[in-house]
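Hi everyone, thanks for making time this morning. I'd like to walk you through a structure with a few helix contacts and ring pairs in it. Let me put it on the screen.

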Amino acid sequence: MKKKLKENMLNKKLPSESDKLSRRDFLSLSALGLASLTILPSWKIDGVRVAPSDRVVLGFIGLGQQGCSDFVSFSQCPGVQVAACCDVDSIKRERFRRRVTAWQKKQGVAERCDMYEFYQDLLDRHDIDAIEIATPDHWHALIAIDACDAGKHVYCQKPLAYTITEGLAVQAAAHHNGVVFQMGSQQRSSAEFQQAIKLVRSKALGHIDKVYCRVGDPPKPFDLPEQPVPSNLNFNLWLGPLNNPKIHYNSDICPVVKLDPEEDEKLWGAWRWYCETGNGYPADWGAHMYDIVQAALGMDGLGPTQFIPKGYNGAEHDTMIYDNGIVMTEQPYRDGVDSQGIKFIGDKEWLQVTRGFIKCSNPKLLEEKNEKIEKGQYEVSSPHMQNFIDAIRENKEPIAPVDYGTSTNTLCCLTNIARELKRPVHWNPALLSFEGDKEAAAHRLYWYEYRRPYKLRYVDFRFNKKA
């Protein structure tokens with residue numbers, strides 16, 4: 001198995017046209033597909049009949065809280081089936097399998113969800129159309145690229161990657177293979193954020209001069225005490241490409257779950273809060289809130305060009321400046337509230353928006369809103385997942401494609417690079433370059449040397465990693 005892992009990482013070949021099977025071939029070769037076609041010729045969910053040829057078969061990689069939550073959302077999409085799951089933790093694999101087979105039983109379809117420790121084995125399955133990636137961020141790029149090369153459509157949780165280079169490589173792989181790639185930026189499919197984007201783009205607020213965007217603090221140095229690795233966890237595989245001897249196992253970064261009786265995680269994986277393993281709130285919530293700012297300002301695929309860190313020459317907040325003069329600061333978006341959210345400030349009106357909340361200085365601008373927003377619906381609702389499934393069936397671009405995820409990921413990384421360098425950083429989003437700033441280009445969040453035998457491919461597709 002280790003030999004296969006190494007071969008897959010170092011010698012992965014691009015699929016030729018002759019290697020690609022049609023969806024009908026996938027179903028005909030699939031044990032799950034055969035069982036489903038035999039037992040249930042079509043599904044009828046909420047009065048909607050779904051033909052076997054319209055089903056989308058999923059595999060899940062990363063089975064923690066987010067993966068389980070995303071399964072609930074996907075299970076609400078008519079015509080979706082789950083064939084396999086993968087995680088480095090055997091208990092999480094079994095928990096997920098039980099939940100899937102219980103759902104399958106209720107649907108009246110074959111009860112089967114195969115479990116894998118190595119994600120490459122899941123990608124080798126010809127019956128799987130698409131995968132969902134909900135691993136820690138440092139694994140996103142490698143899995144996404146391998147999935148694209150395997151011809152799988154991809155739903156990847158935000159942020160797209162751990163570094164700028166990784167995000168650009170994933171973007172190149174997705175385009176090269178022509179797959180549907182949806183970012184797990186659910187806010188793009190939420191009514192209040194859609195309304196905010198529409199109002200900003202339509203100039204209803206006038207010319208936007210400033211944006212307040214609260215996301216939270218940057219990551220801190222890894223300081224958790226070392227603990228014995230439990231037998232159910234392949235921690236070496238969890239580390240994957242991370243190349244830092246400071247990182248060791250602690251249950252905070254790999255939250256414990258139990259079975260019989262089932263006991264879920266008591267916290268989100270703390271890997272996201274440490275420099276060595278994550279990008280803190282700028283990636284965790286910045287990938288949501290900055291993403292909406294990018295969409296509203298029409299900057300998808302681009303982004304700010306200047307990043308000024310908090311504290312530099314007395315700067316009160318992290319500051320990002322777009323070439324058109326719009327200034328975005330990382331600060332509270334409304335008085336008395338320090339949670340994540342956005343305030344767009346125009347020369348006519350202002351607008352505040354966060355999950356389950358939208359407010360405008362001119363309330364009449366919000367009168368067209370006719371959908372009630374329930375707080376907390378975003379992690380377990382299905383519109384964003386349904387958009388992904390529809391994009392696969394119709395061979396169209398989803399609402400949060402890889403290009404948008406790439407530019408947002410780059411923005412999140414750049415805020416942390418400026419913070420850690422304690423000085424302004426200039427970025428050219430058109431040339432994907434720091435324009436001669438060698439210190440910034442050498443930063444680990446731009447690119448870092450992977451631990452052997454892992455290797456990032458597609459690095460030279462559009463740019464030179466050391467430029």
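Let's settle one word before anything else: a residue is buried when its relative accessible area is under 20%. By that cut-off, Trp 427 is buried, and Phe 434 is as well. Please keep in mind as we go that this is a predicted model.

Those two residues also form a ring pair. How do the rings of Trp 427 and Phe 434 sit relative to each other? Their centres are 4.9 Å apart and their planes stand at 70 degrees; planes over 60 degrees apart count as edge-to-face, so that is what this pair is.

How many aromatic pairs does the count come to? The answer is 19. Another one of them joins Phe 60 and Phe 96, with 5.1 Å from centre to centre and 45 degrees between the planes, which makes it tilted. Phe 60 belongs to strand β3 and Phe 96 to helix α5, so this pair ties together parts that are 36 residues apart in sequence. Phe 60 is buried, at a relative accessible area of 0%, and Phe 96 is buried with a value of 0% too.

Phe 60 and Phe 96 belong to one aromatic cluster along with Phe 71, Phe 74, Trp 103, Tyr 155 and Phe 388.

Phe 71 and Phe 74 bring us to helix α4, where both are among the buried residues. Why do we call α4 largely enclosed by the rest of the structure? Because eight of its ten residues, in the stretch 65-74, are buried. Gln 66, Ser 69 and Asp 70 are also among them. The cover over these buried residues includes strands β3, β4, β6 and β7, together with helices α5 and α13.

Next, a helix pair. Helix α9, residues 191-201, and helix α12, residues 286-296, have axes that come within 8 Å and cross at roughly 35 degrees. The crossing is right-handed. On the α9 side, the contact uses Phe 193, Ile 197, Val 200 and Arg 201; on the α12 side, Met 289, Ile 292, Ala 295 and Ala 296. Sorted by class, that gives seven nonpolar residues, no polar ones and one charged.

Last, two charges over rings. Arg 272 lies over the face of Trp 271, 4.4 Å from the ring centre. Lys 343 lies over the face of Trp 350, at 4.9 Å from the ring centre.

That's my tour, and I'm happy to take questions.

Notes. Residues are numbered from 1 along each chain as its sequence is written. This is a predicted model: local features need pLDDT of at least 70, side-chain atom pairs count only at pLDDT 80 or more; totals for chains, interfaces and linings use all residues. Side-chain values use heavy atoms; hydrogens and water are left out. Axes are lines fitted to C-alpha atoms, for helices over the stretch in contact, and angles run from 0 to 180 degrees between N-to-C directions. Helices (H or I, at least four residues) and strands (E, at least two) are DSSP runs, numbered from the N terminus. A crossing is left-handed if the near helix is turned anticlockwise from the far one by less than a right angle, and right-handed if clockwise. Contact means heavy atoms within 4.5 Å. Ala, Val, Leu, Ile, Met, Phe, Trp, Tyr, Cys and Pro count as nonpolar, Asp, Glu, Lys and Arg as charged, and the others, Gly among them, as polar. Buried means under 20% relative accessible area, exposed over 50%, partly exposed in between (1.4 Å probe, protein chains only). Rings of Phe, Tyr and Trp (its six-membered ring) pair if their centres lie within 6.5 Å; planes under 30 degrees apart count as stacked, over 60 as edge-to-face and the rest as tilted. A charge sits over a ring if NZ of Lys or CZ of Arg is within 6 Å of the ring centre and within 35 degrees of the ring normal.
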